[in-house]
Amino acid sequence: MFQTEFEFNLPKGYLDAEGNLHRKGIMRLAKAMDEIVPLRDPRVKSNPAYSTVIILSRVITRLGALDEVTPAVIEGLFACDLNYLYQFYRRINELDDETQSEI
């Protein structure tokens, strides 16, 4: 069976405005559009590294009890959690340094 969704647990967790901690989530495999769409975003045009934020917000389908994972949620992650998700994304999408340099 071909797996398209993968569970993860953040090392620290996302702390929302109400003080709730969200650690468990699901990330789906990326599609070509997930990497193309951010290139049109003005935030990426002024800061190419921001594409990581947008891509992760597109491929994370669930994070704890949050209704939606937006770029603002990704921006609010602790650095170790952002790094964890970056590495997790690369692993499930089978990306290596030679084939992908952005995320």
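Contact here means heavy atoms within 4.5 Å, and helices (H or I, at least four residues) and strands (E, at least two) are DSSP runs, numbered from the N terminus. The model is a predicted one, in which local features need pLDDT of at least 70 and side-chain atom pairs count only at pLDDT 80 or more, while totals for chains, interfaces and linings use all residues. Residues are numbered from 1 along each chain as its sequence is written, and side-chain values use heavy atoms, with hydrogens and water left out.

Helix α5 is a place to start. Asp81, Leu85, Phe88, Tyr89, Arg90 and Ile92 of α5 are buried, where buried means under 20% relative accessible area, exposed over 50%, and partly exposed in between (1.4 Å probe, protein chains only). The buried residues of this helix pack against β1, β2, α1 (32-36), α3 and β3. Just after α5, Glu94 has a positive phi of about 55°.

Leu85 also belongs to the largest nonpolar core, a set of 23 residues; Phe8, Met27, Leu56, Ile60, Leu63, Ile74 and Leu85 touch the most other members. Such a core is made of buried Ala, Val, Leu, Ile, Met, Phe, Trp, Tyr and Cys residues joined through side-chain atoms within 4.5 Å. Two or more residues come from each of β1 (5-15), α3 (51-59), β3 (60-63), α4 (71-75) and α5 (79-92). The most come from α3, which gives 5 residues. Leaving aside neighbours within four places in sequence, the contacts of Leu63 include Phe8, Leu10, Val69 and Val73, as well as His22, Arg23 and Lys24.

Charged side chains form 3 salt bridges (a side-chain nitrogen of Lys or Arg within 4 Å of a carboxyl oxygen of Asp or Glu). Asp34 pairs with Arg28, with the closest N and O atoms 2.7 Å apart, and both residues are buried. Asp34 also meets Arg58 in a salt bridge (2.9 Å, N to O). Arg58 is in helix α3 and Asp34 in helix α1, so this pair ties together parts 24 residues apart in sequence. Arg58 is partly exposed, at 32% relative accessible area, whereas Asp34 counts as buried at 2%. A further salt bridge joins Arg43 and Asp41 (2.8 Å, N to O). Through shared partners, Arg28, Asp34 and Arg58 form one network.
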